[in-house]
Each structure stands twice: as structure tokens, then as C-alpha cells.
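Here's a quick tour of one model, taken a piece at a time. Have the structure open as you read.

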Amino acid sequence: MTRLSDSTDERAPGPRGAHVGLAIAALAMGGFAIGTTEFVSMGLLPQVARGVDVSIPSAGHAISAYAVGVVVGAPAIAFLGSGWPRRAVLIGLMTLFALGNAATALVTSYPGLLAARFVSGLPHGAFFGVASLLAASLARPGRQGRAVAKVMLGLSFANVAGVPAATWLGQNLGWRSAYWLVAALALVTLALVTAFVPTRPGDATASWRRELRALGDPQVLLTLVAGAIGFGGMFAVYTYVVPTLTEVGGLPESAAPVFLLAFGLGMVAGTWLAGELAAWSVFRSLFIGGGGQGLLLLVFALAAPAGWWTLPVVFGITATGSVLVVNLQLRLMDVAGDAQTIGAAMNHASLNLANALGAWLGGLVIAAGWGYRAPAVVGFGLSMLGLVVLGLSARLHVGERRRTASR
């Protein structure tokens, strides 16, 4: 695979404008399916727990299993598939994704649920990495960034439409129907990719050694750790938001899609805001996103008994969290140098490690008897720790600039 800025292969004939739009729409559909399955489990956690006869905190580990699948799959597939034709890689990834979600809908045991969610997570990071590079290769010079943004919109709109719809479906037709819906979306993506996405070669110059060297850079490591810890705060709350609203806020389970919609709208708004703030300062935006998210998580812990009044709080949590995530990606692209492929893959791995960490710690404090407000307090602590790591990165950055200036 290649750097995003170098990913347009001018030697390969490109499809006409209308076909480019259809190809990018096909890739965005894959992002929509992945975004739906990643977050729908949080809205259906009580139903999933009853379905496999475990406690809600134990069912939350299925969310962690998905995240671990992303952590394992993103770098592994980035290493192994960098030289393969990109459309073939996408077809393979989406086939595995469809099978994983179909297996989730069929399982009857808790271990089977964990295994199915792990398999479902394996294609996540690699799909977005390959899809972004392929979209950039289809775009005209100077428009690669817009093409990649359109692919990523699939993930954002999944949280606005896909997750609330799948949650409603799962609550009314059984939780398994939500995963059958995701499997169907995967099959639609397969058909669209096969029909509209042209073949593009992999990167013949890719080297796993080149990609791996980037992971030894202190700034790359600090950025990844900041994401894995700091963004975990949001997932500590998001994972258990439905039982928190019902048990603490006194709301019915039917309120879940409304709150998940608020989460999705916050993500879209935060993604737009992140771009505006990044033009001002990426580093300052990281601190604004992480600090704002932490404060709002603390507000959520205090305001949870207020029920519907927490709606703007959950909107703000994902808005500030999106500011953090987008600017983490920009920071990582800056410090990864020529190894942006593994950088992009590991960013997804880092964020899903945050998913696993937040869900796991949130489940621990609930199981310990501290109540459903405790995960928000844990989330506040994770956000603050993430800021500490960013502070170390900033200090190192200043030191590097001073040494460079003194030469």
C-alpha cells in the first residue's frame, strides 16, 4: 500500500465521473455496514445478555471481543495484503465480515458469541485502510481527500441511521435480527464492489519492515497510546448507556434508539468541527477534544438520574470524542512518515483497543456493585490519563524542535 498522497496511479485508466461516484458509494456502504455492527451491540446489550443467558457486564465483553478482532486484524491484514489487488482484498474482507455477523445471529452460547464478534472485527481496520487508498486512486488530482472523506461518511451515517434502525429492529424482532441486517448490508456491499469498483494493483514496493519501523517512533507510540486510553472513556459510557438510562434514568428501553441517534449526530457534528479546529491547531484540538470529553463524561455521571435531560450530554460526548479521534489521525499521519499504511491501520487498532478497554473497565465497576453511573467516572479518569500522554507527546515535540533549531 502507498501513502494517501501518492496513491493515485496515473498509469491506470480511471473510470468516468459517474462510475467513480458509484465506486465510492460502494465503499461507503461497506463503512455503513461496519459502523452499524460496531455500535449496535451497545444498544442491544440487555437483549443479547438474555439471549445467551449471561449478565449485562459479561455480555459487554462481546463488544471487547469485536474490538480485539480489530486490534489483531488491522495490522496483520495490512502487512499480508499490501501487495494484493485492492478490490480482491475488499471482497475477501467483506465476505469474512458477512460470515462473522451471520455467525453472531446464529450462536446460542456465550463462548460462541465472543468468537463470532472477534471474527466480525477482523476486517474492520483493513477495510477502511484499503478502501481509503482505493478511493484516492480513483479521484482526480487534488480531490483525493474528498474521496476518502466520502468513504468515511459511511461510518458516520451508520451512527445516525444504521445503529438506531438496527437497534429498533433488534428490540422488536429479536436481537439476532440486527446482525442478520448487518450481514445483508455486507452482501449488498459485495455486490456493489464487484459491480462498480475497478481493479487496482497493490503497492509493489511495500515492505513489512518499512511499515514496522514506524512503530518504534516514540511520537507514533505516544499518539497510539493516547487514543487507546483517552478514547476509552467514551466507550466506558457508550457500552452501558442503555441499562444506565433504564436503571438510573428511569427511561424505557424504547428510548435507546433516540439516544443512539444523539450519539451519531454528535459524531457527525464533531467530525465537521474537528476539521475546522485542525486548520487552527492539531495539538490544541487534541487537548480540547480529550478535555471536553472528560468533563462531559463527569457531567453524565452526575446527571444520569435526569433521564431525557442527559440527551444533549451524550451528544456532546461523541462530538468532543470525534474532535479527538480525527485529530489523532491527523497527528499520526504526520509522525508516521512513509509508513502511513500501518499508521492508519494501527489508528483503527488503537481506537478499538479503547473500545475494549472502556467496555471492560465499565463492566468491572458495575460487576463490583458500584452501579451504572460508575463507568462514566471511569471514563473521566481515562480521558484525563489520555491528556497526560498527550502532554508527554507535546513535551517531546517541543524538545525535538529545540534540538533541530540548535543544529
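Which residues have the most contacts inside the largest nonpolar core? This is a predicted model, and in it the answer is F231, Y238 and F300.

## The cores

The largest nonpolar core counts 46 residues. Take Y238 as a way in: once you set aside its neighbours within four places in sequence, Y238 is in contact with F39, M42, N159, V163, L260 and F263.

## How α13 meets α14

Two packed helices are described by the angle between their axes and the distance between the axes. Helix α13 covers residues 256-280 and helix α14 covers residues 282-303. The two pack at an angle of about 135°, and their axes are 6 Å apart. Since angles over 145 degrees would count as roughly antiparallel, α13 is oblique to α14.

Who's touching whom? On the α13 side you'll find L277, A278 and W280, and they meet V282, R284, S285 and I288 in α14. Sort the residues of this contact by type and you get 5 nonpolar, 1 polar and 1 charged.

Now hop over to the loop between α2 (45-51) and α3 (56-81), which is where D53 sits. D53 isn't a glycine, yet it has a positive phi of about 60°.

Is D53 buried or exposed? With a relative accessible area of 70%, D53 is exposed, as the cut-off for that is over 50%.

Key:
Residues are numbered from 1 along each chain as its sequence is written. This is a predicted model: local features need pLDDT of at least 70, side-chain atom pairs count only at pLDDT 80 or more; totals for chains, interfaces and linings use all residues. Side-chain values use heavy atoms; hydrogens and water are left out. Axes are lines fitted to C-alpha atoms, for helices over the stretch in contact, and angles run from 0 to 180 degrees between N-to-C directions. Helices (H or I, at least four residues) and strands (E, at least two) are DSSP runs, numbered from the N terminus. Angles under 35 degrees count as roughly parallel, over 145 as roughly antiparallel, 65 to 115 as roughly perpendicular and the rest as oblique. Contact means heavy atoms within 4.5 Å. Ala, Val, Leu, Ile, Met, Phe, Trp, Tyr, Cys and Pro count as nonpolar, Asp, Glu, Lys and Arg as charged, and the others, Gly among them, as polar. A nonpolar core is a set of buried Ala, Val, Leu, Ile, Met, Phe, Trp, Tyr and Cys residues joined through side-chain atoms within 4.5 Å. Buried means under 20% relative accessible area, exposed over 50%, partly exposed in between (1.4 Å probe, protein chains only).
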